[in-house]
Amino acid sequence: MDITTETLSKIADSFTIVHHIPGRIRLRANMTIMAEANRHQDLLQMIRQIPFIIDFKPNLLIGSLTLHYDTSRFEPALWEAWLRKERLDEILGCFQFQKESK
């Protein structure tokens with residue numbers, strides 16, 4: 001998986017947080033991503049490859065995505081920073097660290 005800060009920024013543009021507790025986050029997809037079938041399929045494929053995601057469940061009918069993640073591998077505050085496009089270099093480092101530790 002080739003993730004860059006640009007990729008992280010594009011993902012941030014696609015979602016807003018609906019609900020978040022450590023280990024579980026529910027996101028709402030913006031209408032643009034829901035209208036583009038190929039784009040949301042590509043995004044789901046990428047999510048499958050994120051090493052700290054334990055499980056996820058898309059709801060295409062309402063345009064939400066619920067992710068269960070490992071808080072020991074990705075701290076909860078980083079999700080909120082990510083969607084605000086903050087700390088992207090630090091977040092990118094988490095992806096690179098995960099890749100190296102496999």
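The model is a predicted one, in which local features need pLDDT of at least 70 and side-chain atom pairs count only at pLDDT 80 or more, while totals for chains, interfaces and linings use all residues. Residues are numbered from 1 along each chain as its sequence is written, and side-chain values use heavy atoms, with hydrogens and water left out.

**The sheet**

Let's start with the strands. Helices (H or I, at least four residues) and strands (E, at least two) are DSSP runs, numbered from the N terminus. Two strands count as paired if DSSP finds at least two bridges between them. Four strands form an open sheet in the order S1-S2-S4-S3, and the pairing is antiparallel. Strand S1 (15-21) and strand S3 (53-59) stand at the edges with a single partner strand each, so one side of each has no neighbour in the sheet. From one strand to the next, the twist averages 20°. For this and the angles below, axes are lines fitted to C-alpha atoms, for helices over the stretch in contact, and angles run from 0 to 180 degrees between N-to-C directions.

S3 pairs with strand S4 (residues 64-69) in the antiparallel sense over six bridges. Pro58, for instance, has Leu65 in S4 as its bridge partner.

**Helices on the sheet**

Contact here means heavy atoms within 4.5 Å. Helix H1 (residues 5-14) packs on the sheet, where it touches S1 and strand S2 (24-29), and its direction makes about 80° with that of S1. Helix H4 (residues 76-83) also packs on the sheet, touching S1, S2, S3 and S4, with its direction at about 165° to that of S1.

**Residues worth a look**

The table below gathers relative accessible areas; buried means under 20%, exposed over 50%, and partly exposed in between (1.4 Å probe, protein chains only).

| Residue | Relative accessible area | Class |
|---|---|---|
| His20 | 18% | buried |
| Ser64 | 9% | buried |
| Met46 | 15% | buried |
| Lys85 | 38% | partly exposed |
| Arg87 | 36% | partly exposed |

His20 belongs to strand S1. Leaving aside residues up to four places away in sequence, His20 touches Ile25, Tyr69, Pro76, Trp79 and Glu80.

Ser64 sits in strand S4. With residues up to four places away in sequence again not counted, Ser64 touches Arg26, Leu27, Arg28, Lys57, Pro58 and Asn59.

Met46 lies in helix H3 (residues 37-48). Between Met46 and Ile3 there are 43 residues of sequence separation, and a C-alpha to C-alpha distance of 9.4 Å.

Finally, a stop for anyone checking backbone torsions. Lys85 is in the loop between H4 and helix H5 (88-100), and its phi is near 60°, a positive value in a residue other than glycine. Arg87 is found in the loop between H4 and H5, and Arg87 has a positive phi of about 60° although it is not a glycine.
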